[in-house]
Amino acid sequence: MVSVALQATAAAGMAVDIRGVSHAFDLEGRLLPVLDGIDLQAAPGEFVALLGPSGCGKSTLLRLLAGLDQPSEGAVLGDGAPITRPDPSRVLVFQDPTLYPWRTVRANVALGLEARGLLKRQGHRAQQAIDTVGLTGFEQAYPHQLSGGMAQRVALARALVNDPRLMLLDEPLGKLDSLTRLAMQGELVRLWQRSGMTALLVTHDVEEALMLAQRVVIFGPRPARIVGELVVDRPHPRHRDDPHLIALRREALALLGLSG
Amino acid sequence: MSASTALNAPLPATGAAGRPAARLWAGGLLAGAAWIGAALLIALLPDAIEVGRTTELAASAGLIGLALALGSLAMPLLGAAGARLRRAGPWLTVLPLALAAWELATAKFALLPLPFFASPQGLLEVYLEDWPRLGESTLRSLWLLLTGYLLGAAAGFVAGVALGWSRAVGYWVHPVLRLLGPLPATAWLPVAFFVFPTSGSASTFLVALATWFPVTVLTWSGVSGVNKAYYDIARTLGASPTFLVLKVAVPAALPQVFVGLFMGLGASFSVLVVAEMLGVKAGLGWYLQWAQGWAAYANMYAALLVMAVMCSSLVTLLFKGRDRLLAWQKGTVRW
């Protein structure tokens, strides 16, 4: 029921085009380059993982795509149009759930609807999103009463309620315990399959990238540039011990400069 | 729902049947006996100094003792109020002992130098005879305090949010705040009394000023300290700048705002008393000054006690408001 409803309202995924993007941070007058000549495309509805060492600038790329920052050089396009400011069609999910502690689960999920003045007419969509991530019954709970996995589900629901066409995932499972992490990986794939949105996942976990994405783009250390790309041509659900994935894993580690 | 009622239901049953302690409250009988003992001591020992209202004092203590004794026998009928009474048991036992000691040191043996130390019946006499003046003073103080405090808190809140949010406001207001904020509000007293048309408006301004500074600084620090990711999230979800201020910055800063409101309340008390002692011809501060001028020390203590109850009640009220608004927080201090 819920999946039907989501499919009916969600537009197709967004085409992403990153052209020659370089970016630097200004640290007290000293320029710190974090991205160096990145060219990257994602087709509508594609699931792409950005894999690389921590702190290499992948998260900055997501912020550019979200429209929170502007690149120093190059262009970031969504469906061919330059991305200049945040828009509810492009949502970010961080490593920390960053729920508002003063709002209940329902009020957190409804944040996007409330911010756009849609709460009165489309309030039921908050409940749909809560049901989708499996938190039915926790609507009135406060964030401090939730486990890490549940809090991250709320963050996902808060993003989904906007029917995004591009989902930017910044190590969303990075802080979860390993069992919760495995369960949530499966759920992320299901959410992506249902909605047809484009998904970009930043991670430093090789296995996670190979389990989830259709394509894995591998970044070198800072300033980040793309050092390789792997196509994971396997249907979901995937198995960790699939020989093809194990071969790709070795390849990915080699590209990262680690002998697996 | 059904689970919680199932849990609650057996409790009164086992309490009534299994535990005789719930029927009779031994601590309450002890407290009652202590009050009656104090009443007898007050009534039967002759006074060493000339004081009135000894009979009334003894009667009041006796009545409290009887009420406690009855209450401890009727414990099962009292419900939640009874549970609160039981928690106060040790205090209710120690208070009559302290009253008896105070009575012995003043009225009965005159051990403390007169007239600086009043006897319990002296205080009672003030409350019974001077209550119109004391009551009016209390109302005047409350009015001055509340108008000044609310004005100062509102101005401080707005200034704090503006400082935390806008760079332009920060540029102009921050230096003023740094220079003038730490100045005690009482230092403005002489200026305020000739700038303002009435001593009442001058005092309101001073109370407001004393409240304004801590509320401003803490609201400002609360707004500046908001997790930047909260804004990023709201912006990607389509929030306008107004939404970011009212629905993100303000609620996130609220715990800090309440610290400021609490500190402001304390500052406003001290300014209130000083203003009333020096310029305003009404209020509890004025009453204290007046009582001292007439060497009416019992009136002074009586006014001090009223003031303590007033200030404490206002702080309690503030904390209750905080607990209601910040119910989402864990581990807040219970006042």
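In which loop of chain A does Asp79(A) lie?

Guide: The model is a predicted one. Asp79(A) sits in the loop that runs between strand E4 (73-78) and strand E5 (81-82) of chain A. Its phi is near 50°, a positive value in a residue other than glycine. As background, most residues other than glycine have a negative phi, and most peptide bonds are trans.

A positive phi also turns up in a hairpin of chain A. Strands E1(A) and E2(A) form this hairpin with two residues between them, and Glu28(A) in the turn has a positive phi of about 50°. Strand E1 covers residues 16-27 and strand E2 covers residues 30-42; nine bridges join them, and the two run antiparallel. Within this pair, Ala24(A) is placed opposite Pro33(A) of E2(A).

Next comes the sheet. In chain A, six strands make an open sheet, and their order across it is E6-E7-E8-E3-E9-E10, with mixed pairing. Strand E6 (90-93) and strand E10 (226-231) each have a single partner strand, so they stand at the edges and one side of each is left without a neighbour in the sheet. On average, neighbouring strands of the sheet are turned by 15° against each other, with direction ignored.

Pro237(A) lies in the loop between E10 and H10 of chain A. A cis peptide bond links His236(A) to Pro237(A), with omega about -5°. Helix H10 (residues 243-255) then lies across strand E3 (47-51), E9 and E10 of chain A, and it runs at about 175° to E10(A).

Now the contact between the chains. Chain A contributes 26 residues to it and chain B contributes 18 residues. Together the two chains bury about 2000 Å², and 67% of this is on carbon and sulfur atoms. On the chain B side, the residues that lose the most area to chain A are Thr236(B), Leu237(B) and Trp328(B), which together make up 36% of what that side buries.

Over all chains, the whole structure holds 24 salt bridges. Between chain B and chain A there are two salt bridges. One of these joins Arg63(A) to Asp232(B), with the closest N and O atoms 2.7 Å apart. Arg63(A) belongs to helix H2 (residues 58-66) of chain A, while Asp232(B) belongs to helix H13 of chain B. Three residue pairs are in polar contact between the two chains.

Helix H13 (228-236) and helix H14 (241-278) of chain B each supply at least two residues of the side that touches chain A. The largest share, seven residues, comes from H13(B). By type, the chain B side divides into eleven nonpolar, three polar and four charged residues.

Conventions:
Residues numbered from 1 in each chain as written. Chains lettered and ligands numbered in written order. Predicted model: local features only at pLDDT ≥ 70, side-chain atom pairs only at ≥ 80, totals over all residues. Heavy atoms only, no water. Pairing = 2+ DSSP bridges. Helix = DSSP H or I, 4+ residues; strand = E, 2+ residues; numbered from the N terminus. Axes fitted to C-alpha atoms, helices over the stretch in contact; angles between N-to-C directions. Contact = heavy atoms within 4.5 Å. Buried area = accessible area lost by both parts, 1.4 Å probe. Salt bridge = Lys/Arg side-chain N within 4 Å of Asp/Glu carboxyl O. Polar contact = N/O pair within 3.5 Å; in protein donor to acceptor, adjacent residues only side chain to side chain. Nonpolar A, V, L, I, M, F, W, Y, C, P; charged D, E, K, R; others polar.
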